[in-house]
Amino acid sequence: MKDIKKIFAVLFVLALAITACAPAAVEEAAVEEPAAEVVVEEEEAPVAVCEEEVVVEFWSTDNEEDRIDTYEAVAAGYMAENPCVDVRIVPIDESSITQRVATAQAANRLPDIIRMGVEIMYPFALDGLLSEDAAGAVIAAVGEDDFRAKPLEVVTSSASGNYMAVPFDGWVQALWYRTDVFGDLGLAAPTTWDAIDAACDTLPGEGNLLYALTLGTAPAEGYPHQVFEQVAMSNNAWPFDADGNVTMDTPEMIAALKFYTDLQRCAMPGPQFWRGARESYELDQSGMLVYSTYIMDDLVDGSGMEDGGTIEIAVEDLAEKSGFAPLMEGPGGDSASYGQLVVLALTADADPEAQAVVEYFLTKGYIDVLKLSPMGKVPVLKSALAEWKGLSEYFAYYSDDTLTQIADGFETANRWLYNPDYGPVEIAVIGDIQGRNLISQVISNIALEGIMTPETGAAFLQTEVEVLLADRSE
């Protein structure tokens, strides 16, 4: 009986509740009232919890203040996406990089990433300081097919067939020439020894031109060596053979010395180096100039003079009238251009996170780095070429064909140092040849002093380099 009463009581309460709710429901249906504003409090973004922060140390030979600022900005972009990684940009001087690395290695404190010229990469790789696996992984992640072929070839180990470092940027050297004058005279572009010889004999005395070119002949300057090396490679002349024997007195080297020094017949009186070459071209005194892509703004605004001031360009629209010939072909059909390739190398002990940092610098941060100096930072990635062409106001003064040729200069750019057959000893000796200006001295002795011939100059180089090789082999 008590249970029945309880049931009736529950039913009675439910009935009252339904009756009480019904009128309100009808009223809400009949009259729409404005909905109350709902305030939703924004939730704070979750803070990344790092069990352990990863530090990636990045040494850069792009060490000027504005360049380091850019590298740090790119690194900050990466760290914003990867808050558990601390990328530290460390500016270093390229001339001291070997000592810095040796000291760091002794302390077991190698950096993770090093930006450097490719010539430094070779001895580091041969000493086992670099990670080929890491370099290959980055190149694959960026897209192997996107890299220009020659930079990949240059960083490929002849011993393992693997990549020693990741190509980054660089510049190429070329023979710039007056297309308007060459066209008027019916001269072919100076891309072969024969065409250069023809221009040498034709240009002096034409219009305002006093000389065909200014030849690098100053015995204490590196410029003559830099230009001669391209001439030598175009005739298949190298300082060592594949077995490491000195080959400075071969017929190919003698012919290269003869061709180069014979050009003095149509050149500005020496001794000369890059400054005189640049100024004589800008002043309409010579019709050819060997220089890197860094010349592009100078052909528009005029270059700075040694004693202050700026050269006043003597030729209207000189940049637009300047052709670009990076490739030189010798009489035997060999061809070469001279250039510098910069790489990002991952050290053997680099944290795996460093690979992602290098990849970021070659993708999201790449254009920011290139725009620091577009004329001297030619992209190694095909996908960056179109955007690179718009990075400098000075590019507007040059044809699209010239800009494409500059980018394509990587395909043939070479150096004695780049020879994959050479080991650390040969590379060190080549550095000694350059550091002591042996080539420049011989060129001066042949072209200006007349105290050597190409044959005796080659014999002198053979003896000197054999001594250097012996010293380095001890």
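Reader: How do you know how far the model can be trusted?

Author: The model is predicted, and pLDDT is the predictor's confidence in each residue, from 0 to 100. The mean pLDDT of the protein chain is 89, and 90% of its residues reach 70 or more. Residues 1-40 have a pLDDT below 50, and this stretch has zero contacts in the model beyond near neighbours in sequence. Where pLDDT is low, the predicted coordinates should not be read in detail.

Reader: What makes up the protein chain, and how much of the chain counts as buried?

Author: The protein chain contains 19 helices and 10 strands. Of its 474 residues, 50% count as buried. Among contacts between residues at least 6 apart in sequence, 75% join residues at least 24 apart.

Reader: Why is strand β5 called largely enclosed?

Author: A residue is buried when its relative accessible area is under 20%. Five of the five residues of β5, which spans residues 288-292, are buried, and therefore the strand is largely enclosed by the rest of the structure. Both faces are covered: M288, V290 and S292 are buried on one side, and L289 and Y291 are buried on the other.

Reader: How do you know that β4 and β5 pair?

Author: Two strands pair if at least two bridges are found between them. Strand β4, residues 166-178, and β5 have five bridges, in the antiparallel sense. Across this pairing, Q173 stands opposite S292 in β5.

Reader: What makes L289 a buried residue?

Author: L289 has a relative accessible area of 2%, and the cut-off for burial is under 20%. L289 is therefore buried. L289 belongs to strand β5. Residues up to four places away in sequence aside, L289 touches A174, L175, W176, A277, R278, Y281 and I295. One of these, A174, is 115 residues from L289 in sequence, yet the two are 8.1 Å apart in space, C-alpha to C-alpha.

Reader: Is D86 buried or exposed?

Author: The relative accessibility of D86 is 17%, to be set against the cut-off of under 20%. D86 therefore counts as buried. D86 is found in strand β2, residues 85-91. Leaving aside neighbours within four places in sequence, D86 is in contact with E53, V54, V55, V56 and M79.

Reader: How many cavities does the structure have of 30 Å³ or more, and what makes a space a cavity?

Author: A space counts as a cavity when a 1.4 Å probe fits there but cannot get out. A search of the whole structure finds two cavities of 30 Å³ or more.

Reader: What classes of residue line the largest cavity?

Author: The lining consists of L175, I196, L213, L215, V227, V231, F259, Y260, L263, V290 and M328. By class, 11 are nonpolar, with no polar and no charged residues. Helices α9 (223-233) and α10 (251-262) each supply at least two residues of this lining.

Reader: What classes of residue line the second largest cavity?

Author: Six of its lining residues are nonpolar, two are polar and one is charged. They are K150, P151, V154, G339, Q340, L341, F410, A413 and Y418. Helix α6 (149-154) and strand β8 (335-346) each contribute at least two residues.

Reader: Why is N236 called partly exposed, whereas N437 is called buried?

Author: N236 has a relative accessible area of 44%, so N236 is partly exposed. N437, with 15%, is buried, as burial requires a value under 20%. N236 is in the loop between α9 and α10, and N437 is in the loop between α17 (424-435) and α18 (438-449).

Reader: What is the phi value of each of these two residues?

Author: Phi of N236 is near 60 degrees, a positive value in a residue other than glycine. N437 also has a positive phi, of about 55 degrees, although it is not a glycine.

Reader: Which kind of peptide bond joins G270 and P271?

Author: A cis peptide bond joins G270 and P271, with omega about -5 degrees. P271 lies in the loop between α10 and α11 (274-282).

Key:
Residues are numbered from 1 along each chain as its sequence is written. This is a predicted model: local features need pLDDT of at least 70, side-chain atom pairs count only at pLDDT 80 or more; totals for chains, interfaces and linings use all residues. Side-chain values use heavy atoms; hydrogens and water are left out. Contact means heavy atoms within 4.5 Å. On a 1 Å grid over the protein atoms alone, a cavity is a set of points where a 1.4 Å probe fits but cannot get out, and a pocket is an open set with protein on both sides within 12 Å along at least five of seven lines; lining residues have an atom within 4 Å of a point. Grid points are joined across faces, edges and corners, and a volume is the space filled by probe spheres set on the points. Helices (H or I, at least four residues) and strands (E, at least two) are DSSP runs, numbered from the N terminus. Ala, Val, Leu, Ile, Met, Phe, Trp, Tyr, Cys and Pro count as nonpolar, Asp, Glu, Lys and Arg as charged, and the others, Gly among them, as polar. Buried means under 20% relative accessible area, exposed over 50%, partly exposed in between (1.4 Å probe, protein chains only).
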